[in-house]
Amino acid sequence: MDATLDVIADHGVAGTTHRHIAARADVPLGSITYHFASLADLQTQAFTRHVELQSAVFEDLFEGVETHEQFVDVLVDLVHGGPARHRSAVLGFELHLAALRNPGLRALTQEWTEDSRTVLARFTGPDSAARLDALLEGMIMHALLTTAPESRERTRDAIDRTFGSAGWTGS
C-alpha cells in the first residue's frame, strides 16, 4: 500500500502502473497482479489506507488546542506544512480527482470530509466547520500550485476574516 501511495504521489493516478508499484515495492510484477484484482482495486485500497491514517493525523493535530489562537496556528500550519504535509495534500487531491472518474471512491472522500468536519466542529460548530474545511482545501490547493507562496500572516488573516474568533466554541 505504501509503495502504491508513493507512486501515486510521484506520478498521479493516471501515471500509476503495476510496473511502477512493483518497482517501488521491490517485488516481482506478478506478485502485484496476483494479489490485487485490478489496478483500480489496488488504488482504492491504498487510498482507503491513506484516508484512515490522515484522519488520525488530522485529529492528533488538534490535541491540546485550548484557545482560538492555538486553533488558528494549527490551521496555518496545515496550509504551510512541510514535505510530509505536501505529500499528504498531493495524495488527497489525487484521491478527489480520481473520485470524479470513479464513483466508488466518492464514499471514501465523503467519509474523509465528514471526519475532518467533525474534528473542526469541536472548535467551531458544524456550520462553521463546513466553511472552514472548504477554505482550508482551497488554500492548500493554492499553496501546492503557486509560484509565489502566501505568507503565514496572510493565511492567518484569511482564516480570521472567514472564521473569526466569534465562531470559536472551544473544544
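Trainee: How many residues does helix α6 have, and what span is expected for α6?

Mentor: Helix α6, residues 83–101, has 19 residues and an expected span of 27 Å, since the expected span of a helix is 1.5 Å times one less than its number of residues. From first C-alpha to last, α6 reaches 28 Å, close to that value. This is a predicted model, where local features need pLDDT of at least 70 and side-chain atom pairs count only at pLDDT 80 or more, while totals for chains, interfaces and linings use all residues. Residues are numbered from 1 along each chain as its sequence is written, and side-chain values use heavy atoms, with hydrogens and water left out.

Trainee: Which residues of α6 are called buried?

Mentor: Buried means under 20% relative accessible area (1.4 Å probe, protein chains only). Among those in α6 are Ser88, Leu91, Phe93 and Ala98. The buried residues of α6 pack against α1, α4, α7 and α8.

Trainee: Why is α6 called roughly perpendicular to α8?

Mentor: Their axes, lines fitted to C-alpha atoms over the stretch in contact, cross at roughly 110° and come within 11 Å. Angles of 65 to 115 degrees count as roughly perpendicular, so α6 is roughly perpendicular to α8. Residues in the contact (heavy atoms within 4.5 Å) include Arg85 and Phe93 of α6 and Glu137 and Leu144 of α8.

Methods:
Helices (H or I, at least four residues) and strands (E, at least two) are DSSP runs, numbered from the N terminus. Buried means under 20% relative accessible area, exposed over 50%, partly exposed in between (1.4 Å probe, protein chains only). Axes are lines fitted to C-alpha atoms, for helices over the stretch in contact, and angles run from 0 to 180 degrees between N-to-C directions. Angles under 35 degrees count as roughly parallel, over 145 as roughly antiparallel, 65 to 115 as roughly perpendicular and the rest as oblique.
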